[in-house]
Structure formats: C-alpha cells, structure tokens
There are 2 protein chains.
Amino acid sequence: MTSRGSGEERGKMKGIRQLAEHLDISIGTVSRALNGKPDVNEETRKRVLEAAESLGYVANQSGRALRKGTTGVIGFMMQTGSEITGQGDTFFMSVFDGVQTVFARHKLDLVALLCSSQEDPNDYLKRVVARGFADGIILSATRRHDARFELLAKRKIPFITLGRSLTDVGQPWLDLDFEGMAEASIDRLVARGHKHIALTRPHDDMNLGYVFEDQCRATLARHGLRLDERHIFRSTPNEAGGYLIARELSALETRPTAIVLINEAITVGLYRGLVEAGIKPGRDMAIIGRQSPHSQFLSPRLTSFSLSLRDLGIALAESLLATMPAFADIYPARHARLLWPMALVPGESD
Amino acid sequence: MTSRGSGEERGKMKGIRQLAEHLDISIGTVSRALNGKPDVNEETRKRVLEAAESLGYVANQSGRALRKGTTGVIGFMMQTGSEITGQGDTFFMSVFDGVQTVFARHKLDLVALLCSSQEDPNDYLKRVVARGFADGIILSATRRHDARFELLAKRKIPFITLGRSLTDVGQPWLDLDFEGMAEASIDRLVARGHKHIALTRPHDDMNLGYVFEDQCRATLARHGLRLDERHIFRSTPNEAGGYLIARELSALETRPTAIVLINEAITVGLYRGLVEAGIKPGRDMAIIGRQSPHSQFLSPRLTSFSLSLRDLGIALAESLLATMPAFADIYPARHARLLWPMALVPGESD
DNA sequence: TTGGCTTCCGTAAACGTTTACGATACTATG
DNA sequence: CATAGTATCGTAAACGTTTACGGAAGCCAA
C-alpha cells in the first residue's frame, strides 16, 4: 500500500511483520530473503535487504532461537571475583580476540558467561545450558576433577575446554604445554648449575598445578635431582600470593637457588618480597615465569614463556566449530587435543 | 498416567509439556507453579517443584523471553583485544562480582557482551539490542562523544554507564572521581614543592582523559601554576605505553619533577623506563597513580588512589535496576549521577 | 434451593521467527 | 493446445513459554 515514500521512516519496527507489510509482501518471503534462501527473486531480495537496513530491522533473537533451536551464541564461561581464575583480564581479552576472528565469519557471537563467586559453577552451568542460552560452550580454568565436563557431555552440548582434567568425556581440548615449560625450565636451570629448584602452583585444585608439578618432578629426576616438598609453593594467583611466597622462601633454612612460576600474576609481588628479604632476583635467586604485560618491564627482565594468545583463541574456536554439526562441512572433523607450545624468551632473571 | 514411579527418570526432558504430562496436570498449572503465581494449590506446587528439580527441568530461555518480552539478562558491554579497555588485569572481574551480588537477588544474569576489535561498537550494540538480547545494558569505556548513548535512549533500553560523556541523553551514570583525584594529587605535589607537574591520559578519546586534564589544569592554575603542554603524555593504556612515556620524559629538555598517572596499567612500564633512564622513581621523579594489584608491590611503593571495585559494582547494579520498570517498586527511583570517591593511599613514590 | 464467593485448574491465544507445503504464473516442449 | 517443469511467493504450522479467561468444584449465607 504505502509505496517507497519514506514517510513513516522510523515507525516502531516491531518485527518482521511490520517490515513485510511495509514492503507489501508476505513475511515468509521476507524471512527467506533475509536468510539467503534460494527461492526468492533477486530483485525482491534487494528491496528487502535495503528496507531492513534503512529501518534498522534485526531478527528478534528469541523468536529465531525458538524456531530454529539454535541461538548463534557461543558462551565462554569464566568466574568473576578477583582471586579466582588467576588469569588477568588481558589474558582473556586477547584470547577472545582470536576466537572472534573465527566466529565473525559465521555470524556467531561470543559472550562471556560470568559465574558469580557466590554460585556453584556446576549449578550455574546447568542453568545456562538448560535455558538453551548458547549453541556451544568454552570452558576454562579446568579443575583436577571437573563435573562440568560430564554435565555438558550428558546434555550433548558442543564444547571445548581450555585446559585438561582427570575427568575426560572425550571432548576436544587445548591446553598450554606446561609439561614443555616445566621440562625446558628445569633443563635450563640445571644446565646453569642449579640443584635446588622450587616451583609454584595454584592453591586450589586447578588441573595445571598437578601437571606442572609432576613434570617438574620427573625432569628433576632425569637429572638425578629430587624435588624438595618444602619447595613447592601454593598460592593464590595474584600479586599478594607472590609476595607471600617470597616471605616463605626467605624464611627457609635450606633455600632453593631457583624458582619456576607457573602463574604470571604473582611475579611483581614475588619480586618485591624477595627484594625486601635482601634476595636479589636474578642474582641470588633465578626466576623463570610466564610472559605477561608486566614481565618484560620488571627489573631484572623476567625470563619467561610466551605464546600468542590470539592464535590460541583462533585454534580454540576452530576446534569447537569442528565438533558442531552445523559447521561440520566447513571445518575438518579433527578431534583436537593439543598442547599449545610456549616459547622461552630469555631475560635477565635467571 | 505414569504415577510417581521413577521409571523413566531421565527421559529426554524436552520441555514443560513433558513435565506436565509426567505429573498428569496441565502445562498452565505447571508454569504457574514454577513462577510462583498465587492461584495454585501449595500441595501441587510442591509436587511440581520437586519433579522439576529431579528431572532437571529449567524453562527454555527462548520460549520464555519470546512470551514475556524479557530475558532476565543484563549485558555488560566491553571491547576485546588487549589494548582496548585500558583497565588493569582484574578491574572488571571485581566490578562484576559486585554487580552480581545485587543481580543474584532478582534472578538476573550478568553476561559480558564482547565486541570484537574488528567491529564498530555502535553496530555491535545496535545488533545486540535489536535482537532483544538483554533487558538492560551497562556501558563502560565511555568516549568523549558516544553514539551508543543515543542508540540505547532511542530504543528505550534501560542502561547505565560507567563513565560520563559529552553525549548526554539523561541516563544515570557512575564515574570515578577523576576531578577529585586530579585536585588532591596536584595539591599534594604542590605542597611538596613541585612546580613542574606532568600527567598522562589515554591516547584515544576516552572521556576521562578530558576530565582529568581539565581539572589538573584548573588546580594548577589555582596554585598560580601552568600546565606545560609538553607535559601531557598520551599513551596506550598498557605497560608498553608507560615505558614509552618514560622515554619521552627523559628526553625532555625541561623535565617535570612529578607526574600523575590516570591509568593503572602503565605503572610498571613507566617505572622500568625511568630506571633505565637513570631517573629514580620517588627520588628524581614523584609519581602518583591508581591502585592496582601491582602498585603496592612496586619499589618504591606507589602512592595511589584506591577504591572498592566491588562496592562500585553494587552501586552500578542498583542504579540500573532503579531505572527498570520491573524493579521500580524495589529500588527507589533515585536518578544516580555519582562521582565515586577514591582514597589516597600514601606510598613512597612521591 | 439459590446465589455469590473463593480456590483451583484447564484451555487457548499470544510472542516473532522459520520452513514445509501448496498455489500461481510463466516458459518450454511435445 | 496440453503438459511438464521452473521460478517465485503466500499460507499456516510449528518452536516452548506465559497468561487472560472461564469453568468446576466447594463453601457459606440468605
């Protein structure tokens, strides 16, 4: 009825119905045009697309999701509160950036599912998947035993984990190569004459702590050395935790001459604690850690393991999509279980 | 038909219909029971709740949202990529924690809406709101002119901003009291005899940079001092940016004797850069900054402005809810426009 | 008995999409 | 001209909820 006169330009764009009667065609055709279905005239498709653009129409998420059974959303679950994950904001932000470069090609949106520190992560995740919030899930901060895996497997939700666990339901995973880091660190320190080497690990039951400690122990054994149980330092993954480690360290009767830090968030605190105790990093105590935005600006510069977080995110996203039926034809059906290598960047701290 | 025998315990719980016929009552009653509507027998309500619990039923998000027109989700928009946000490692995680303590009381979920660095933030936000993703939005990293405000106002989406802007559509906001920080910093430094005071600000058009610079200039003027234009340092909000500032600083012919850092993420890099240039922080150059997980572990300890990020999150959440009709009866209709105070924590850097 | 309340529950209509199916007009072929 | 095939579009039924509405009891008072 109303021709292309732009009279009611900004009428309340309630939905596809308004758009359809504005164009004087049926809503079925409009939907097909917008979704790129084949049986629609190219001429009308163009009209529809232009009208949608100019009126700012975007398909309602709930309606579409209800009908299609798919949301176009991938959730990255993480826990809030400052002392939980041990990864800083910048860690995840960089990973997200990589993930999104992949998702953007498929009109998928990445959202961070924020589990409150007050709520049980299993309950939270159960709620999220039962509500049908996301088509796929990325899990991080995996624990030694992680019930979340079983939950997602039972519900048959496509997911991938950034981190391993003793709980294994056959899902794909990516994990940083903490074994490689442990081995290379110990080898390097031993080659430089160190015989008493300490390590840090998270205070809770994050899986990486076990992996790291075990490999350190094994590598030391290969060199005929033993890991002193008192040289295993558990801490909260933040600067305060690093500071406390330094204090414990300095109070020891038989002090190690080197320490390997699995977490990057404790470095500044550790440095400070050591200096206060009269132990100069790099001279009185060799330190090897993980690269962070700070590590190269500490003095002495931290010898650290680095990786491209963006590339990690890309791999994570592609491996997840490979498990999703809707994208099976695009991404090869590799079943990714990959240890992501880290490169040693020599500094002056060891 | 099937009585309470738990034979088909884990039948595929497709939806409320299965739950209803499992209980042999209508889906209408089930829905009312679950939603706490008054006109349902307490006895049957208990039966329904128990069955839902044991079968793991949770209402499908899309169906509910479609019918109710509300999603129960609040989105916190942030940009991904490492150099964008300009907040330190755990800034957002702590704020989220506060926000969630409020939301938990109302069965609201907080999700982070992650805008890719590849995508225009305005387009992204437009997409999100048109899809009807969230009932309310929290915006951060506000710019000098921020079209996102107008977009949300036009669509009548409840929102609040963490940060101000010249763009003002009458929405509530909270912001850190950068004026107070500037004034207290300058006063303190002037009282200690400094006459050449520098400052940092973001390299882009984040609003806080303008606010901060203006107030610094005004306070200096009050003391009869002038802000040297060459003593305004713009930088990316990360450690590398801080390092570059230090290099510029050291190359200056008339070097300032003090500097105030608006951003906490540049501190470690700045320290390093100064030391490399033979300028000892706290002795050759007074420094006042923002508290971060690192600031208290630097040497010398940073004199910094601190705040409770968790309390900030709580205030943010409550002020947002106060603007939402559904919660108008719970939260007083205050129209929050609040400068969040920061406390000066003396260190040894000034 | 009648009428009016109250309490509880079932019925069915939305909400905004997508899509299977059928209808129409047109073209090509015999 | 009749028929088959193709291109394009309209119709209506889903998807899983919530909720307005009405109906069926049960109770009490007139």
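Which residues come nearest of those around DNA strand C? I opened the notebook with this point, working on a predicted model.

**Entry 1. DNA strand C**

I listed 27 residues around DNA strand C, and Ile16(A), Ser31(A), Lys37(A), Arg67(A) and Thr29(B) come nearest. I then sorted the surface near DNA strand C by class and found 7 nonpolar, 11 polar and 9 charged residues.

I looked up individual polar contacts next. A polar backbone atom of Ile16(A) lies 2.6 Å from a phosphate oxygen of DNA strand C. The side chain of Arg32(A) places an N or O atom 3.3 Å from a base nitrogen of DNA strand C. From the other chain, a polar side-chain atom of Arg32(B) is 2.9 Å from a base nitrogen of DNA strand C. I recorded the elements that give two or more residues to this surface: helix H1 (16-23), H2 and H4 of chain A, together with H2 and H4 of chain B.

**Entry 2. DNA strand D**

I repeated the search for the other strand. Around DNA strand D there are 26 residues, of which Thr29(A), Ile16(B), Ser31(B), Lys37(B) and Arg67(B) come nearest. The surface near DNA strand D has 6 nonpolar, 11 polar and 9 charged residues. Sugar or phosphate accounts for 61% of the atoms of DNA strand D within 4 Å of the protein, and bases for the rest.

I found a phosphate oxygen of DNA strand D 2.8 Å from a polar side-chain atom of Ser26(A). Ser31(B) has a polar side-chain atom 2.7 Å from a phosphate oxygen of DNA strand D. A base nitrogen of DNA strand D lies 3.3 Å from a polar side-chain atom of Arg32(B). The elements giving two or more residues to this surface are helix H2 (27-34) and helix H4 (61-68) of chain A, with helix H1 (16-23), helix H2 (27-34) and helix H4 (61-68) of chain B.

**Entry 3. Relation of the two chains**

How is chain B laid on chain A? I noted a turn of 180° with a shift of 0.0 Å along the axis, at an RMSD of 0.1 Å. The two copies are therefore related as by a two-fold rotation axis. I also compared their interface residues: 97% of those in chain B are interface residues in chain A as well, so the copies meet through the same surface.

**Entry 4. Salt bridges**

I counted 52 salt bridges over all chains. Side chains of opposite charge can pair when their charged atoms come close.

Asp97(A) and Arg310(A) meet through their side chains in a salt bridge, at 3.2 Å from N to O. The pair links distant parts of chain A, with Asp97(A) in helix H5 (residues 89-103) and Arg310(A) in helix H12 (residues 309-322), 213 residues apart. Asp97(A) is buried, at a relative accessible area of 8%, whereas Arg310(A) is partly exposed at 32%.

Arg337(A) and Asp168(A) form a salt bridge at 2.8 Å, N to O. Arg337(A) lies in strand S11 (residues 337-340) and Asp168(A) in the loop between strand S4 (159-162) and strand S5 (173-176) of chain A, so the pair ties together parts 169 residues apart in sequence. I noted both as partly exposed: Arg337(A) has a relative accessible area of 34% and Asp168(A) one of 44%.

A network of salt bridges links Asp109(A), Glu119(B), Arg127(B) and Arg131(B).

**Entry 5. Val268(B)**

I located Val268(B) in helix H11 (residues 267-276) of chain B. Val268(B) counts as buried, at 2% relative accessibility. Which residues is Val268(B) in contact with, leaving aside its neighbours within four places in sequence? I recorded His294(A), Phe297(A), Leu298(A), Glu239(B), His294(B) and Leu298(B). I also noted a separation of 45 Å between the C-alpha atoms of Val268(B) and Gln61(B), which are 207 residues apart along the chain.

Notes. Residues numbered from 1 in each chain as written. Chains lettered and ligands numbered in written order. Predicted model: local features only at pLDDT ≥ 70, side-chain atom pairs only at ≥ 80, totals over all residues. Heavy atoms only, no water. Salt bridge = Lys/Arg side-chain N within 4 Å of Asp/Glu carboxyl O. Helix = DSSP H or I, 4+ residues; strand = E, 2+ residues; numbered from the N terminus. Buried < 20%, exposed > 50% of the residue type's maximum accessible area, 1.4 Å probe, protein only. Least-squares fit on C-alpha atoms with pLDDT ≥ 70 in both. Contact = heavy atoms within 4.5 Å. Near = heavy atom within 4 Å. Polar contact = N/O pair within 3.5 Å; in protein donor to acceptor, adjacent residues only side chain to side chain. Nonpolar A, V, L, I, M, F, W, Y, C, P; charged D, E, K, R; others polar.
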